[in-house]
Amino acid sequence: MASLFQRAGDTLRGQPGNSDSEEGTSLTTILETVEDRSALTLLICDITEILRKRLLATFDPNETVSEDLDLLAAEEDRSKETAETSASSNVNQQTQQRKILERRKVELAKLAKEINEEDMVELKNAAVTFFDDWRDNVILRVGEAVNSRKEARDQARHSKPEISTSNAKPTSVGLETDEHSNKIDEALRELYTPVETPLRKLDQPKRVLILHSLLLLMLSLEHYNAYSRILLLYCTASLGLSVKVLSKDEGQVAKGLLVAAEQMSADEETRKRAEENSMARRLKMGAAGVAGAALIGITGGLAAPLLAAGIGTVLGGIGLGATATAGLLGSLAGSSVLVGGLFGAYGARMSTQAMEKYTRDVEDFAFIPISEPKKGGDAVHRLRVGIGISGWLNDANDVVLPWKVLGEGLEVFALRFEVEALESLGSSLRTLITSLAWKFAKSEVIKRTVFAALMAGLWPISLTNAGRIIDNPWSVASQRAQKSGEVLADALINKAQGERPVTLVGYSLGARTIYICLQELARRKAFGLVENVVLLGAPTPSNSSEWRRIRSVVTGRVVNAYSPKDYILGFLYRTSSVQFGVAGLQPILNVKGIENIDVSDLVEGHTLYQHATGPILGRLGFEDVDFHALKHEEQMLKEQEKEERQKLEEAGSIYQPEGDEKAILDASNDEIRKLEHEVQRNKKAGSDAQYAGGEQENKESNEAEQSR
């Protein structure tokens, strides 16, 4: 069945079903007039100007002051008007509003000081420099394709973008849509507001092929970084197309590039380079850890330089003519080494020193593909990568299972690290939340807010005694998450996942891993790598300076999902620097571009995040969600809530005197001692199993060595 892009090309050629023409449709035949070509470069200039302003707003105190203070300041202005017209205006109200205005001034002064610190100024300058270099390359490349570099430069200097006022529903160009697809389009339209352009009035087939051509032009820069992806999202909205059209095109182009690469045979030099760059195995990522290693077969599939006509012919079937396709792809069409680099075939080039530094502290670090190749088929690869990170484990399968909810627009991996530590934490969490001590503590803490209890250290004695069960596993796993975040940052910087935009999603200590990774990216001034970030129940500080750094290295969405009812997180975080706030318990204020979502109706306890991740992503209108897997996670969340409630009720049935704290304390202390013994038994059993597994592995290794 012909693709929608092929059909669009056939329509413009007037030759239905015949897409074999060497010349065929090109960008210049789509944009027939000088005005149309100029409109395209102007659209690109307008969108990049919007992106630049968004970046600068991150470091502008007047832009980043929290919206609630802006609202209060507006009320102050209205109060002044009222005072002028009414001599009997309410004095108390004026006094209150004066305090509000003073608070806003103090907040602005504090933010200005924070933003003007030397390291923040350096970060801003580096981010802007990176962006400007990328923007110049994009504008000149598009200018080359449709008119002249000079005209493109002139348009960039005089760009004045206008927001589109059209309310027309984005078209999906015949692709199957559902309720979730429409929600995604609505969410992305709000985030990436359409820019006014006359190109929106062109026929639908032309608009589809313009978007396809722009994707090829972005790839011709020899990377597909996060800024390029956000630019295309703006273009998709501005052309009146559904984001599903862009996602479908990305999938077909990825497949076409890989098919073209696989048709060529590898030469000796390429084999040698691939072998020299097999650092991923030494990093314990394994062959599956690096997308490219699995993707074209690093020992023979990475080809000698492609013939441009060859790749043009393969991708020409997607909609444009072969010659036009090869021309838009530029140098990418002439080198399989560049194609391999795009997908990560030469990634993970981490120095020996860095490897030794990290692997001393992090065990079993690996990227695990979520989708296994179909029987007899190849793995499916995409132009975008998603990495899901679990925050604790009930068993080893939980490394992967929560991330099946991420959709097919991404090539999805689960990050595996420190499985033993995360399983120990999972066991301790289950023990704690079903204990008598927790039932009584929750009833006491709920009389206050969890954050008030955290700040004042107001935890019932029965619960602080129960801390013996959880504190050590939490501390160990938290430290491992910190180190894993640093390793993840190094892997991304060294292109372990290629030159593709990465989306990071994690809950609990998985969110902490991402937080540390982004802090490290900011420290190392590594921009354009990360497209979207979703942190759920993050055990991290919520202060604006740290999140401003995060915002600077993420080009798309930065989401903080929090629950003020998460008493478990509050208790676990009680020994940390609570004066800097807790992201998983409260919104992030005073940072432009951070999306805060209160999920307390879904998450009353920290352990629910595992199955609540999918429903939260669905609520966000997140682009990459598998709708069927989402329904499954919603059902699993209901079952988990029911199970935890039943176990808690069973725990409470061991005592009768309601409100008798001493009786409860005695009972809970007895229970804690039993639980501690149980945890120790489980830990010993796990260690024995691990030892036995290691002995078996050594035996098999020795036998294999002897046979060689």
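E222 is partly exposed, with a relative accessible area of 37%. In this predicted model, E222 sits in the loop between α10 and α11. The phi of E222 is positive, about 75°, although E222 is not a glycine.

Helix α10 spans residues 204–219 and helix α11 spans residues 226–238. They pack at an angle of about 170°, and their axes lie 11 Å apart. An angle over 145° counts as roughly antiparallel, so α10 is roughly antiparallel to α11. On the α10 side, the contact is made by L211, L214, L215 and M218. On the α11 side, S228, L231, L232, C235 and T236 take part. By class, 7 residues of this contact are nonpolar and 2 are polar. No charged residue contributes.

A positive phi also occurs at K495, a residue other than glycine. Here the value is near 60°. K495 lies in the loop between α23 (461–493) and β4 (502–507). K495 is partly exposed, with a relative accessible area of 22%.

Aromatic contacts were then searched for. The whole structure holds 11 aromatic pairs. One of them joins F130 and Y227. The ring centres of F130 and Y227 are 6.2 Å apart and the planes meet at 35°, so the pair is tilted. F130 belongs to helix α7 (residues 118–146) and Y227 to helix α11. The pair therefore ties together parts that are 97 residues apart in sequence. F130 is partly exposed, at 29% relative accessible area. Y227 counts as buried, because its relative accessibility is 6% and the cut-off for buried is under 20%.

F130 also pairs with F527. This pair is tilted as well, with 6.0 Å centre to centre and 45° between the planes. F527 lies in the loop between α24 (509–523) and β5 (530–536), whereas F130 lies in helix α7. The F130–F527 pair thus ties together parts that are 397 residues apart in sequence. F527 counts as buried, at 7% relative accessibility.

These contacts belong to a wider group. Ring pairs link F130, F131, W134, Y227 and F527 into a cluster.

Terms used
Residues are numbered from 1 along each chain as its sequence is written. This is a predicted model: local features need pLDDT of at least 70, side-chain atom pairs count only at pLDDT 80 or more; totals for chains, interfaces and linings use all residues. Side-chain values use heavy atoms; hydrogens and water are left out. Axes are lines fitted to C-alpha atoms, for helices over the stretch in contact, and angles run from 0 to 180 degrees between N-to-C directions. Helices (H or I, at least four residues) and strands (E, at least two) are DSSP runs, numbered from the N terminus. Angles under 35 degrees count as roughly parallel, over 145 as roughly antiparallel, 65 to 115 as roughly perpendicular and the rest as oblique. Contact means heavy atoms within 4.5 Å. Ala, Val, Leu, Ile, Met, Phe, Trp, Tyr, Cys and Pro count as nonpolar, Asp, Glu, Lys and Arg as charged, and the others, Gly among them, as polar. Buried means under 20% relative accessible area, exposed over 50%, partly exposed in between (1.4 Å probe, protein chains only). Rings of Phe, Tyr and Trp (its six-membered ring) pair if their centres lie within 6.5 Å; planes under 30 degrees apart count as stacked, over 60 as edge-to-face and the rest as tilted.
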